[in-house]
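Please examine the sequence and the three-dimensional structure shown below. The briefing that follows is arranged by topic.

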Amino acid sequence: MANLLRSSSESSEGRVSQAFDLLHPKIQKWAWTNEWQKLRMIQEEAILAILSGPGEDLILSAPTAGGKTEAVYMPILTELAAAATDTVGFKVLYISPLRALIDDQFERISEIANLVDVPVTRWHGDVSGADKARALRSPAGIILTTPESLEAFFVLRRSHLPRLFGSLKYLIVDELHAFMPSERGRQLQSLMNRLDLVIGSSPRRIALSATIGDVREACAFLRPPSNEKARAIVAENIGEIRIAVHGFVSDLPEGESSVTRSEDIPEVLYSKLRGGNNLVFANTRQGVESLSDTLRRLCEKRNVPNEFYPHHGSLSKDLRKHAEAMLKKQGSPATVICTSTLELGIDVGHIESIAQMGSPPSVSSVSQRLGRSGRRDNPSILRYFVTEEMPDQESHLEDHLHLKLIEVIAQTELLLAGWCESPETGALHLSTLLHQILSLICERGGITAKEIWTVLCSAGPFRNVSQDLLVALLRQMGAGELIEQAPSGILLLGRQGERLQSGRDFYAVFFTPDEFTLISPAGSLGSLPIRYPLIPGQHLIFGGTRWLVESVDLHRRVVMLHPSPAGKVPKFAGGGWLVGDEVRKRMRQVLLGEDVPRYLDACARQLLSSGRRAFQDAGLHEASLIEWGGDTCLFCWRGDRIRFTLKALLSGEGLQSDAMAVALNCRGSSKIDLIGALEAISSKSAPNVLELASKVSNKENAKYDGFLGKELLDAEYASRVFEIEGAKQEAGKHVRSESERSDVCLDSSGEKQ
Amino acid sequence: MTKTIRPRTRDAILQALSAGVVPRAGIEHIQVGRLREIQEMLKDIRRIADGGAGIRFIIGEYGSGKTFFLNLVREMALSSKLVTMHADLSAKRRLYSTRGQAQALYSELVRSMSTRSRPEGGALPSIIERFVSKSLAQAKSEDCSPSEVIMSRIECLTDMVGGFDFAAVIGAYWEAYDSSDSQRKQNAIRWLRGEFSTKTEARQCLGVRTIVTDSTFYDHLKLLALFCQLAEYDGLLVCLDELVSIYMLQNAQARRGNYEELLRIVNDSIQGSTTGLGLVLAGTPEFLQDHRRGINSHEALSSRLEGNAFAVDGLVDFSGPVIRLQNLTQEDLYVLLGKVRNVFYNGETESAPLPDKAIESFMQHCLNRIGEAYFRTPRTTIRKFVQLLAVLDQNPATTWETLVHHAEVEIDTPVARTEIVDEEENGCSEDGELATFKL
C-alpha cells in the first residue's frame, strides 16, 4: 500500500494530515514503513491535544489494541526530540499495573524512541541492578515502572527524587480502569500527589484506559478532587474481545441429553486449553484444587505431560512460584488454575485466554482478568463455565431463576457496554492511609502530625478522612508501635513500623484476603472468600442448608456453624463477595428481557429461557415481595451494600432475614409484617453505622486492616459496606410500590362490583 | 569588665543574636556560667595539644545552648593553636553509610577546616602551605634538599590505614608546588577534600589507587589530625552537632551502623590510640538515653558512656565522656542580658538608656507572657531583647518602660521543616490538635 496518510482523498484529509504533519519526520517515516493506512480517530485527537492543546490532563479511553500507546507516544516523542536534552532527569513517567505489560510496552516504545534518540528505561523488580545503576547515573527520556517501584523510590532513594523527576513533563497512567476501584488506586493517587510535592510542580497527567462508563469520574480520579479541565478522548469500539458462556447442569439423572452435564467441565477445559498459556479462575481454593487435580489426572490418563498447575493463597510459596514460572517460560504451554491471587500485580507473561468458573466477583475484576490475555494483535478470549442445578418441584424459587448464569450475563453485558465499578465511593481506605504514613515518614526521615494532614489528607487523596480520624489513627499506630514520637514532636517509625518497612512486600498495598473455612459439627463444609458481614447469632445459607453462625475465628479464618431448622432455602446463595448495584439492576433487566445473547451456548440458552419463565411465573416482573412457603422474600435487585444494610436494619426492627443469592428471606413473617418493618425503616432517623459495624466479625479485608484497632476498623468497614441512606430509600420504594399495587387491586375489584 | 569590643565583632554578635543563631566570633563576650564545663574542655584541649586524644558528648535539651557551647570550645581550641572542623549531622551526612553520606560528612568537615588565622573555614590549602614552608625552612637549616625533608616527614603517615595514598597525595602536592603545576596542586586538594568520586579519576590525576569513601571516613580524619601536627599545629578538634539525626534515622540497620562507627571512635579516643585528635559531639538527651533508637540501644556504646553512679543530687563528675549541660537559671539569664547590653553599648553601660532595672522588668514580662520555661530556652528572649535595644537606640525619644510591655515573646519550639505547601491554602489554620499532637 502506498502512503495513504498523505494521499488520501477522504473528506477528512485536512484533519488527518494536520495531526500527522505535527509529528517528527522520523516518526512519520516509521508510520509509513509500517504501512499505516491512516491514523485512528483517537490518535489524531491525541496528537492534536498533546502537541497543540493547552496542556490539560487527558484520558484516552479505547479498547485493548485500540492504538492508545502510539496515540500517546508519537506526539510525546516528537516533543522530546525537539526539546533540548541538556536537562538531567526523566521527562516521562509511565506507570503500569503489570511488569509483563511494561516489558511489552518497552519494546513497542523503544522501537519509535530509538528513531529520535530518546532513551527508554524499564524499572521494576526483574530489571537488573546494572541497568538501574545506569539509569540513575544519567536519567533521561522515558521511565516505565509500577506503583510499587515508585513507592520504593520514595522510601529508598528519596534524595534522588528531585534530580530524577525534577524536569518531568508527563505522567502517564496505563490501564486506569484497573487501578480505580482498588486500594492500589488510592496508593497511586497518593504517590502522584507526593511526587508533585517533591519536585515542586505538577506534570501533565495522561491516563490510558479500556472503555469506562463514567469518564468524569476517571478525570476526577486522575487529579482529585474534580479535575474540571481534563479532557477525555473516547474511541470507537474496535478491539476484539471473544466471549463464550458454556452452561452446565449438575446432578443430572442419566439419559437426559439435551443439556451438558457438569461432569464434562474438565473434559471441555482440557480440549480447549491444552497447548496454550491460559489462566483459569475458580472462585474458591477447593474449586482450584479439585479442578487442577482432575485435569492432571486427565493428562496422566492420556500419557501427556501435565500442563495444569494450581495457584492459591494457602499453597506454599515454592509451588506458587513454580506455577508462575511455568506460565512465563517460553515454548512450554501451561495453564494455571487460580483464585483471585493472579488477578493483580503478579507477573505471568503472555496469556492466550481466560476461563472463569462461575461468576466473577465484579465487572472490574473480570476486566482485570480479561486484561491478562490478548496483547498486541491477539484478541482477548474469555470463557465462562457456569453450572446450574436442575430444579424440581421442591426447589426454592431462587434456584429456578438460574441466578449464577443471569449474573454472568449481566456482568458481560456491562463489560461490553464499557461499564466498570467506580472507586468505592465513601470508603476511607484507612489501611492504605496507614501505609502512606509509614512511607511518608521514611521519605522525610520523620514528620509532624500536621505535615501528614497537609500532605495526605487536606491536599492529598484522603480527603474524606477527618482530623479527628487521623489523630485516632496516629494514636492507634503509636499504640501498635508502628510509629513513635521524638520529644520534639516529630513522628518516627516504631519497632513494628521498622519491621514492616524493611520487609520486601512493604511497597504493595494490594493483597487477597484469606478464605473462610465453614465448619459444622459434622465436619468441614467448604470454604468461601466471605466479604459480606458475618455476625455471630445470625443465619447463613450455604450448600442448600440454613446455618446458625456460632462463632468466627478471625485468626484461623474459621466460621463455626450449627444447623438451624428451616423451610426451603436455595442451593446457591452467592459466592461470598459483595455484588455491585449496577450488576443486580442489570440482572433484573436480563430476566425481564427477551433477546438471547450470541455468546451463550445451547445449554446456557436453555437455562436462560427456563429462568425467564420462572421469573414470570412467580410474578417477579411486577412484584418485589413474594410469599414463599411461609416466609416472605424481598427481591430488591440492588447491590449487596444496600441489601446487607437493609438486612441489618430489618433485624433492628425485630425481623430476622436470610441473605440468599439476590433476595432477603424473612423467616416466618407475612408480607404485612415486612411492609410494616420497611415503613418503619424508611421513616425513622438513621441509626449509628458504627454500631452496626461493631457486631460484624469479618472486617479485615485490606492489607493493614489488622493494625487499625476496633474503632477505626468499624469506621473503615462502615464506610465500605453500609449505605444507610440508600437502604432507607430502597425500603420506602418497596412500601410505595406495594401500596400502589394494592390500590390497583382495590380499584379493579371496585369496578367489578 | 568594661573592655572594649572590636566593632566588627560587635556587629557580628548582635546580628547573630537578633537572628536567633549563635555568633561564630566574639563568643566570650556573652558567655555566662558553665565554668566547670569550660575548665574541663580546656583540659581536653591541652591534652590534645600534648598529642593525646579526647572525646566529649555534650548533652542538653533543645535550646540549652549546645551549639553555643560547641562554638565556644572551637574558639578556645583555635586560640590554642589547634585546627578545628565542624559540621552538623543530618540524613545526608552520617558517620557511617553505604550511599555516600559519610563521604559527604567528610567533605563538609574538610570544607569547614579552620585555624586561628582563618577562623571561618577553608583552611586546608593554608595548612598544606604551612607544612611545605616549614619543611623548606627545615631543609634550609639542615642544608639538604626539600624533597628529602618532606618525604621523611610524611613517612610516618604511611604507617596508618590508608596512609600510603595520603602521603602520596601530599608528595604530589609538593611536586606540583615545586614545578608550579597549579592544576595538580588543585587535584591534590580536591582529593584531600574527598571530592573525587571514582578511583579511575584519582589514578589519572594523582596516580593513587584509593579515594576517600564512606568506609574510610574515620581513617582519613586520623590522617588529617596527624598531618596537622606535621604542619606544626597542636592538633585537630572535630565538632559534630545534631547527633540526634542518628536517632532520627528510620532504618534500624543504618542506626546500628552509625553507632558501631561511633563505638570505634570512642574506643580509639578512650584507649588513647589516636594522637592529636579530639571530638566534641552534641546531641539531645533522647539521643543518649532512648533505649530503642538512642545510644542506649547499643550495649557496648552505652556501657562506655554510662554516667558516674555517685554523681547525683548536685554532685558532679566531669571526667567521663558525657557532659550534661544544665539549663540556664534565671540569674544566668540576668547576667547574660547584662552582657548583651554591654556588647550593645560597647561597654559604656553607665550612660545607657536601659538601666539594670529595665532588665529585671523585661524578664518579669517574659515570665508573665510564657511562663517559667522562658529562661531555659533563651533564644527568643535574647532576640527580643536585642530588638528592644535597637529600637531604644534609634528612637531616643522613647523610654524603655513603654516598650517593654509590647514585646511579643513566644515559646520556643523546635522548628519542623515546613517545605510543604502554603498553609493558608489548605485550610490548616484550624488544626489545633495536629499542631500539638502527642501520641
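In which sense do strand S2 (residues 92-95) of chain A and strand S4 (residues 142-145) of chain A pair, and over how many bridges? These two strands pair in the parallel sense over 4 bridges; strands are DSSP runs of E with at least two residues, helices are DSSP runs of H or I with at least four residues, and both are numbered from the N terminus. Two strands count as paired if DSSP finds at least two bridges between them.

This is a predicted model, in which local features need pLDDT of at least 70 and side-chain atom pairs count only at pLDDT 80 or more, while totals for chains, interfaces and linings use all residues. Residues are numbered from 1 along each chain as its sequence is written, and chains are lettered from A and ligands numbered from 1 in the order in which they are written.

**The parallel sheet of chain A**

- Chain A contains an open sheet of 7 strands with parallel pairing, in the order S3-S4-S2-S5-S6-S1-S7.
- Its edge strands are strand S3 (120-123) and strand S7 (231-234) of chain A, each of which pairs on one side only.
- On average, neighbouring strands of this sheet are turned by 15° against each other, direction ignored; the strand axes are lines fitted to C-alpha atoms, and angles run from 0 to 180 degrees between N-to-C directions.

**Two hairpins in chain A**

- Strand S18 (residues 539-542) and strand S19 (residues 545-553) of chain A pair in the antiparallel sense over 4 bridges, and A:Leu540 stands opposite A:Trp547 in S19(A).
- S18(A) and S19(A) form a hairpin with 2 residues between them, and A:Gly543 in the turn has a positive phi of about 60°.
- S19(A) is also joined by 6 bridges to strand S20 (residues 558-563) of chain A, and these two run antiparallel; here A:Leu548 stands opposite A:His562 in S20(A).
- S19(A) and S20(A) form a hairpin with 4 residues between them, and A:Arg557 in the turn has a positive phi of about 55°.

**Loop residues of chain A**

- A:Glu175 is found in the loop between strand S5 (170-173) and helix H10 (176-179) of chain A.
- A:Glu175 is buried, because 21 other C-beta atoms lie within 10 Å; a residue is buried if 20 or more other C-beta atoms lie within 10 Å of its own, exposed if 12 or fewer, and partly exposed in between, with C-beta atoms placed from the backbone.
- Although A:Glu175 and A:Leu208 are 33 residues apart in sequence, they are 5.7 Å apart in space, C-alpha to C-alpha.
- A:Asn303, in the loop between helix H14 (285-301) and strand S10 (308-311) of chain A, has a positive phi near 60° and is not a glycine.
- A:Asn303 counts as exposed because it has 6 C-beta neighbours inside 10 Å.
- A:Trp637, in the loop between strand S22 (631-634) and helix H25 (640-652) of chain A, has a positive phi near 50°.
- A:Trp637 is partly exposed, because 19 other C-beta atoms lie within 10 Å.
- The peptide bond from A:Pro224 to A:Pro225 is cis, with omega near 5°, and A:Pro225 lies in the loop between helix H12 (215-222) and S7 of chain A.

**Chain B as a whole**

- The secondary structure of chain B comes to 19 helices and 5 strands.
- Along its principal axes, the C-alpha trace of chain B spans about 75 × 55 × 50 Å.
- Buried residues make up 39% of the 439 residues in chain B.
- The domain assignment, which is automatic or from a database, gives domain 1 (1-7 + 328-439), domain 2 (8-124 + 215-324) and domain 3 (125-212) of chain B.
- The centres of domain 2 and domain 3 of chain B, taken over C-alpha atoms, are separated by 28 Å.

**The contact between the chains**

- The contact takes 23 residues from chain B and 31 residues from chain A; two residues are in contact if their C-beta atoms, placed from the backbone, lie within 7 Å.
- Helix H19 (residues 432-435) of chain B supplies the largest share of the side of chain B that touches chain A, with 3 residues.
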